[in-house]
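Me: I should like to learn how to read features in a protein model. Could we begin with the idea of burial?

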Amino acid sequence: MIAPNPPAAVPAPPTDDHQSRNRLRLQSIGWALLAGISAGAIGLGWGLDAGIRSGGCGLFYGLLAFHLHRADPDDQHLQAGLVGAICGVRSLGMPLPLDNWHSDGLALVMLELLQAWLPLIGSALLLHSTLRFLPASRP
């Protein structure tokens, strides 16, 4: 007796899990783009170099903020710490004039830090206000 051929494997249609993963990927990219574009636009007020650096840090912040919000949406201290960490990363790329430690030199350093941090802080505020007013953008 000849054994019957087994039925051919039929590919399963995309499940809800696959579709939800795609939705999360698109939301993650959206958060990164919103944070990066807004930080870059705010940073352009201080020149193209500052805009590009702030935009890159904003992209990085947007990706991290999305995944942090997915992990623990109620921990505001962690969210604020993330903004501070990205501001610190942005500060590491700045030149530090070590030859003038007088009050005018320190004031210049503080002004440069403020100019570097404002675009990222503004980007974080925009991202979280968008999250508050558009609940569909939540992960």
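Reply: A residue counts as buried if its relative accessible area is under 20%. In this predicted model, both tryptophan 31 and phenylalanine 66 are buried.

Me: How many aromatic pairs does the structure hold?

Reply: Two aromatic rings pair if their centres lie within 6.5 Å, and planes over 60 degrees apart count as edge-to-face. The structure holds 1 aromatic pair. Tryptophan 31 and phenylalanine 66 form this edge-to-face pair, with 5.2 Å centre to centre and 80° between the planes.

Me: In which helices do tryptophan 31 and phenylalanine 66 lie?

Reply: Tryptophan 31 belongs to helix H1 (residues 16–43) and phenylalanine 66 to helix H2 (residues 48–71), so the pair ties together parts that are 35 residues apart in sequence.

Me: Is serine 38 buried or exposed?

Reply: Serine 38, which is in helix H1, counts as buried because its relative accessibility is 11%. A polar atom of its side chain lies 3.1 Å from the backbone oxygen of alanine 35. Leaving aside residues up to four places away in sequence, serine 38 touches Ser123 and Leu126.

Me: What span should helix H3 have?

Reply: The expected span is 1.5 Å times one less than the number of residues. Helix H3 (residues 76–92) has 17 residues, so it should span 24 Å; its end C-alpha atoms are 25 Å apart, which agrees.

Me: Which residues of H3 are buried?

Reply: They are Gln79, Leu82, Val83, Ile86, Cys87, Arg90 and Ser91.

Notes:
Residues numbered from 1 in each chain as written. Predicted model: local features only at pLDDT ≥ 70, side-chain atom pairs only at ≥ 80, totals over all residues. Heavy atoms only, no water. Phe/Tyr/Trp six-rings, centres within 6.5 Å; stacked < 30°, edge-to-face > 60°. Helix = DSSP H or I, 4+ residues; strand = E, 2+ residues; numbered from the N terminus. Buried < 20%, exposed > 50% of the residue type's maximum accessible area, 1.4 Å probe, protein only. Polar contact = N/O pair within 3.5 Å; in protein donor to acceptor, adjacent residues only side chain to side chain. Contact = heavy atoms within 4.5 Å.
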